[in-house]
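Please read them beside the sequence and the coordinates.

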Amino acid sequence: MLLAFVQNVALLLSLSLLQGFVARHWRAGEWIGRLVTGLLFGGIAMIAMALPLRFADGVIFDARTVALSIVALYYGWFPGLLAGVLAAGYRFLLGGVVVWIGIGTIATAVLIGLGARWWWRAASRHVPARLLAFGMVTHALCLLWFHAFPPAVRAAFFAEAALAYFALLSLATLFIGLLLNDIHDRLATETRLTVSERRLRRLFDNAEVSIWDEDFSAALARLTALRHAGVTDLRQYLRDRPEELAALAGLPGTLVLAPLGIAFGIYLYWRLRAIRVENSRKPGARSSFLATWWWMCPGTWFWPGASAWT
């Protein structure tokens, strides 16, 4: 019996991951996003009812109330009511002697979710303790419906399955809430990064001076290869091999230019690069180039803890 509950809850948690896809493509405030969310959680509740714990003829138990209470809490009245209507309609089609009790638990879960959403309307996110308390209250009230079972079924349920029902579904509410918290946090981070990137791109594109970004990853790859080859004193190695120093100075990089002043920027970039290569061949400039290189790209950033390279 306990295994059947666990399998039902595990299925519910797995299907809830689909909300990440829905939230990424349709924001919760958009009507299409709210519609798809209601359909998704209504479908999850229906799947849970299709694979229930069958306690007696026409008496089934499943995790539908977790999905319905959570969708109402997180996404509001339209997704909550849509999911509730779908779940209630499916429960009616399943039939059984206690069909109205099943529909009553569905209505209770949705109404408690909506009430909690209104009560905690000022909260930006739901912390674990609040989610656990929400799950416990929801399923404690759902248990009240089961007192309407026929006496024999009621006595058997409260003796054998009531504790597992209450504990597992309360914990499932907590875990799905944490999952939705994580989805919302990641989407919020992506949104902030997108806005920040747009602002930076706008600043870059409208700069009135020439700006370029030079990529030294090719030089980093060459230095890494020397490190792996067993070179322990990079400074001395480059002093003894001026051709290697010139090769490092002349490695191509990726150039990103601001639109304004592009012609001047390209000329200045390649002119400085030529000067850098030329100067790297002069014995008197090698130590200056090495010092400049270390100022730009500290050795400790490449290989933490390798003091011989700093």
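1. In this predicted model, helix α3 (residues 31-50) and helix α5 (residues 77-94) have axes that cross at roughly 30° and come within 8 Å of each other. Angles under 35 degrees count as roughly parallel, and α3 and α5 are therefore roughly parallel to each other. The handedness of the crossing between α3 and α5 is right-handed.

2. Which residues carry the contact between α3 and α5? On the α3 side they are R34, L35, T37, G38, L39, F41, G42, A45, M46, M49 and A50, and these meet W77, F78, P79, L82, A83, L86, A87, Y90, R91 and L94 of α5. By residue class, the contact of α3 with α5 is made up of 16 nonpolar, 3 polar and 2 charged residues.

3. Is N181 buried or exposed? Its relative accessible area is 5%, and residues under 20% count as buried, so N181 is buried. Leaving aside residues up to four places away in sequence, N181 touches Y74, R125, H126 and L131.

4. Strand β1 (residues 53-56) includes L53, and with a relative accessibility of 10% L53 also falls in the buried class. L53 and A63 are separated by 10 residues in sequence, while their C-alpha atoms are 9.7 Å apart in space.

5. Turning to the chain as a whole, the secondary structure of the protein chain consists of 15 helices and 4 strands. Of the 310 residues in the protein chain, 41% are buried.

6. A word on confidence is needed for a careful reading. The protein chain has a mean pLDDT of 79, and 74% of its residues reach 70 or more. For residues 295-310, on the other hand, pLDDT stays under 50, although the model has 25 contacts beyond four places in sequence for this stretch.

Note on methods. Residues are numbered from 1 along each chain as its sequence is written. This is a predicted model: local features need pLDDT of at least 70, side-chain atom pairs count only at pLDDT 80 or more; totals for chains, interfaces and linings use all residues. Side-chain values use heavy atoms; hydrogens and water are left out. pLDDT is the predictor's confidence in each residue, from 0 to 100. Contact means heavy atoms within 4.5 Å. Axes are lines fitted to C-alpha atoms, for helices over the stretch in contact, and angles run from 0 to 180 degrees between N-to-C directions. Helices (H or I, at least four residues) and strands (E, at least two) are DSSP runs, numbered from the N terminus. Angles under 35 degrees count as roughly parallel, over 145 as roughly antiparallel, 65 to 115 as roughly perpendicular and the rest as oblique. A crossing is left-handed if the near helix is turned anticlockwise from the far one by less than a right angle, and right-handed if clockwise. Ala, Val, Leu, Ile, Met, Phe, Trp, Tyr, Cys and Pro count as nonpolar, Asp, Glu, Lys and Arg as charged, and the others, Gly among them, as polar. Buried means under 20% relative accessible area, exposed over 50%, partly exposed in between (1.4 Å probe, protein chains only).
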